[in-house]
Amino acid sequence: MTGLLRWTALAMAGAMALAACQGGTTGERETGGDLGDPGDCVTVDMAVSSEKIDLLTDLAGDFNGSDEAVVDGECIFVRPYSSASGGAMTLLSQGWPNPDADGPAPVIWSPAASSWGAILNQLLDEQGESPMAPADARPFMLTPLLIAMPEPMATALGHPDTPIGWADVLALANDPEGWGSVGHPEWGRFRLGKTNPNFSTSGLSALIAQYYAATGKERGLSTEDLAQDEVAEFARGVESAVVHYGDTTLTFLNNMARNDARGTVLTYASAIAIEEVSLINYNRGNPDGVLEPGEVLEEPRIPLVGIYPKEGTLFSDNPFIILDADWVSDEQRAGARVFEEYVQRPENQERVLEFGFRPGNPEVALGPPLVADLGVDPEEPQTTLEVPPPPVMVEVLERWEEQRKAARVQLVMDVSGSMADPAGDSRETKLDLAVQAAVQALDQFRDDDEVGLRIFSTNLGPDGQDDWIDLVPIGPMSENRTALQERLEGLVPVAGTPLYTVTQESFRELRADADPAKINAVVLLTDGRNEDPRNDDLEAMLRSLTEGLEGQQSPVRIFPIAYGRDADPAVLRRIAEATDAAAYDSSDPRTIDQVFTAVISNF
């Protein structure tokens, strides 16, 4: 872990000692609902983590224009938009440099957990700047981390009568019979979905819980504990069951929903580490937690059940942070306080409950949808784990780098002629920015990961007849790191885009040599659409990605990046879905650094 990732992780570790609540993911900004024109009102822009954008949009819509939306005789207009916790934290630490791309600089920030505010303040302190996030921000709503499992699998393990925890996950992960050890060989091996702890605090919370489970403690985790051989063995055993990592749990939930629809959910993932509210949303038929206009919810055929780990868990507290930033005026700050009091009212906290969260206002009692019918238990968790001190957290993250599941990845880069187009207003081309991002992302791989580089376009090779060339064969990063950087930096644009052919063949070759002990994946970056008349049958290409699997999971996953505005996101999304992966959008080439980093977080 180096550069930006390392300082973010270390700052996160320090912040974790200041906050007993975790949550949040990284990702691209999404807009909220259309709240209209603020006119001459005091505008209070609000950046919120995506899981609560619908709720905040509803509350702001009722607040704006009401008799209460007034401060010192002026009207207040609150304008929420979705910005992932980690991404917003980074932008705030940089002074929110690009509001056109990232949304207006916020007056209010509500990440998934207070820890993000502490991370921000630590980063600012390291830069010699004043803190921006008050340490006493009130929780807006709460939700605990849990292990979500398809109901038949939870039942097979004895739920709800038998307590289940991380030790049981380890036992199944290590058992060569997999689910056959509890009478269900048809479900195959145990598969776990959880996020990368360097990007997602739900992943970090799961990692903390695993280490506590390994030591048998609920508090007082020490560096001496982490150094024990049996603790390291426990951690490696849990990580060995991981399907892949990632920057957000939404990848797993959306893939769960697709597999449920086609009857293969029991062979996709046996369990995923997510927050309680995400489980409620999934069982309601809304796996991504965002209701699009006209969207019709369809409950899953097989619901998920919430397992509150018997060893204990942590909470996300969703704080309401009024920023102490240069761009926030006294009038905006006063307007933000009025809105804060509004959302804390019991009647509005009851709406928090309707959305599946636990109210931040303790005056509001728990009730539906926190009910067993939606897979949750309001009486749980019984144990809240203590957040370890900074030195321990630093070592937790460093040891995860050593203990995580290894990866075998083919990087497939588009070098078609359109990659020579300018990237925005700068003199740099799209290929220039893509190469810079890919080179930077190489730092995320460790030495025993295996990575190769393939380029594709028409008219490649000595005779101009090839559709792709392997510039660096797949091999250990200990041997390939320098060659990958050098060959990436030497790329030049060529001709057309044989997208279907390179996708199909890259998948086929990696599948033939798939290593079951590693995460096997293709990272496919393209800025165009298929331009190959010899292979223009999309449906046939997609069928080839699932051929012979017979309801089992693909041993190889394809993570496409739609790069620039001429790419075909719909096609790339179908490619990702066919292999139960995720597609990424970098339609603005200036975002490719963040997007490439998010893609590599899956490994």
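Residues are classed here as buried under 20% relative accessible area, as exposed over 50% and as partly exposed in between, using a 1.4 Å probe and protein chains only. The structure is a predicted model, in which local features need pLDDT of at least 70 and side-chain atom pairs count only at pLDDT 80 or more, while totals for chains, interfaces and linings use all residues. Residues are numbered from 1 along each chain as its sequence is written, and side-chain values use heavy atoms, with hydrogens and water left out.

Asparagine 459 has phi near 65° and lies in strand β13, residues 450–460; helices (H or I, at least four residues) and strands (E, at least two) are DSSP runs numbered from the N terminus. Asparagine 459 counts as exposed because its relative accessibility is 51%. Tryptophan 96, with a positive phi of about 50°, is instead placed in the loop between α3 (85–93) and α4 (99–102). With a relative accessible area of 4%, tryptophan 96 is therefore buried.

Serine 49 occupies the loop between β1 (42–48) and α2 (53–63). Its relative accessible area is 2%, so serine 49 is buried. The C-alpha atoms of serine 49 and alanine 84 lie 4.9 Å apart, although 35 residues separate the two in sequence. When residues up to four places away in sequence are not counted, serine 49 is in contact (heavy atoms within 4.5 Å) with Ser82, Ser83, Ser85, Ser110, Pro111, Ala112 and Asn318. The side chains of serine 49 and lysine 52 form a polar contact at 2.6 Å. A polar contact is a pair of N or O atoms within 3.5 Å; within protein, one must be able to donate a hydrogen and the other to accept it, and residues adjacent in sequence count only if both atoms are side-chain atoms.

Asparagine 121 is classed as buried because its relative accessibility is 17%. A polar atom of its side chain lies 2.7 Å from the backbone oxygen of alanine 133. Beyond neighbours within four places in sequence, the contacts of asparagine 121 are Pro131, Met132 and Ala133.

The axes of α7 (residues 166–174) and α10 (residues 229–239) come within 8 Å and cross at roughly 70°; axes are lines fitted to C-alpha atoms, for helices over the stretch in contact, and angles run from 0 to 180 degrees between N-to-C directions. Helix α7 is therefore roughly perpendicular to α10, on a scale where angles under 35 degrees count as roughly parallel, over 145 as roughly antiparallel, 65 to 115 as roughly perpendicular and the rest as oblique. From α7, Trp166, Ala167, Val169, Leu170, Ala173 and Asn174 meet Phe234, Gly237 and Val238 of α10. This contact comprises seven nonpolar, two polar and no charged residues, where Ala, Val, Leu, Ile, Met, Phe, Trp, Tyr, Cys and Pro count as nonpolar, Asp, Glu, Lys and Arg as charged, and the others, Gly among them, as polar.

Cis peptide bonds were assigned in two loops. The bond from histidine 159 to proline 160 is cis, with omega near 5°, and proline 160 belongs to the loop between α6 (151–156) and α7. The bond from proline 368 to proline 369 is likewise cis, with omega near 10°; proline 369 is found between β11 (358–359) and α15 (390–403), in a loop.
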